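Me: I'd like to learn how to read aromatic rings in a protein model. Can you walk me through it?

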Amino acid sequence: MTVTTPGDGSRTLPVRVELARQWRRRRTQVTLALFALLPVILWIAFSVGDAPDEGAAATSLTDLAQASGVNFAVFALFSSASFLFVVVVALFFGDTVASEASWSSLRYLLAIPVPRVRLLRQKAIVAALLSLATLVVLPLVAVLLGTLVYGAGDYLSPTGESLPYGTALVRIVLAVAYLAVHLLWVAGVATLLSVVTDAPLGAVGGAVLISILSQILDTVDALGSLRNLLPTHEVFAFADLLTLDVDGGDLARGVLSALVWCIAFGATAVWWFRRKDITS
């Protein structure tokens, strides 16, 4: 006869096991491969497109994308920040619990026993690691490919400012770090939807739709200062990091907003999951 003690589940579902399990999934491999290929696709698009006029003034990041390797990487970041990165974070976090429920394996995990809060925490850690890997691989490949193709020149901004190549690399790293923190709100809402529904697609799609709705509302001037409360309001605040004189106001507000929303959604997810009737 086996006696179950409260500590029996404290070492179940280790991160390394769950990470290896998620890494073997075709979804994870395809997602990382696509983000690694995106800079290549952008390079091909620029190669087959019309070359920018040498005498024309550059007025956008698109015009300057081929100016240097760091410019190319910055363009890739801006192109992905408001949608593609949201999709990948929603994908990894929205799939955490809902996929187990859809496979009818959730109740078996809990019967091992894996405590509910631990299960949610371990899966969230793995989802965060995979999301971060995806966020890093895109600018990393973009910098390497861009430097190889366009050279290691200074970063040139549409406002006429420039940053040395080394300084620009450091700023890009900081921009990726900011985006990783900013996207915590997406992680929170996707996790909440994942414990509410048994359909992974519903959780992922719901998180993406909430992001799109927030971005639409952010364009409504009639909302005034209420737009500052929207989780997507400071998505492009990392642009301040690519200037000579960095103003950290928008960055700080973006970080604070992301943490508040993440904690609110995450705490609600834990509360809901602890009380949820598991039938699958």
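Me: Let's start with one side chain: is F35 buried or exposed?
Reply: Keep in mind that this is a predicted model. F35 has a relative accessible area of 9%, so it counts as buried, since the cut-off for buried is under 20%.

Me: And how do I describe two rings together?
Reply: A pair of aromatic rings is described by the distance of the centres and the angle of the planes. Across the whole structure, a search finds nine aromatic pairs. Take F35 and F85: their ring centres are 6.0 Å apart and their planes are at 15 degrees, so this pair is stacked.

Me: Which helices hold F35 and F85?
Reply: F35 is in helix α2 (residues 26-48) and F85 is in helix α5 (residues 84-94).

Me: What about W261 and F265: how far apart are their ring centres?
Reply: Those centres are 5.5 Å apart, and with the planes at 20 degrees the pair is stacked. Here both residues lie in helix α12 (residues 249-275), four residues apart, or about one turn of the helix. W261 is partly exposed at 30% relative accessible area, whereas F265 is buried at 17%.

Me: Which residues do ring pairs link into a cluster?
Reply: That would be F46, F72, F75 and Y150.

Me: What sits over the ring of F273?
Reply: The charged end of R116 does, 5.8 Å from the ring's centre.

Conventions. Residues are numbered from 1 along each chain as its sequence is written. This is a predicted model: local features need pLDDT of at least 70, side-chain atom pairs count only at pLDDT 80 or more; totals for chains, interfaces and linings use all residues. Side-chain values use heavy atoms; hydrogens and water are left out. Rings of Phe, Tyr and Trp (its six-membered ring) pair if their centres lie within 6.5 Å; planes under 30 degrees apart count as stacked, over 60 as edge-to-face and the rest as tilted. Helices (H or I, at least four residues) and strands (E, at least two) are DSSP runs, numbered from the N terminus. Buried means under 20% relative accessible area, exposed over 50%, partly exposed in between (1.4 Å probe, protein chains only). A charge sits over a ring if NZ of Lys or CZ of Arg is within 6 Å of the ring centre and within 35 degrees of the ring normal.
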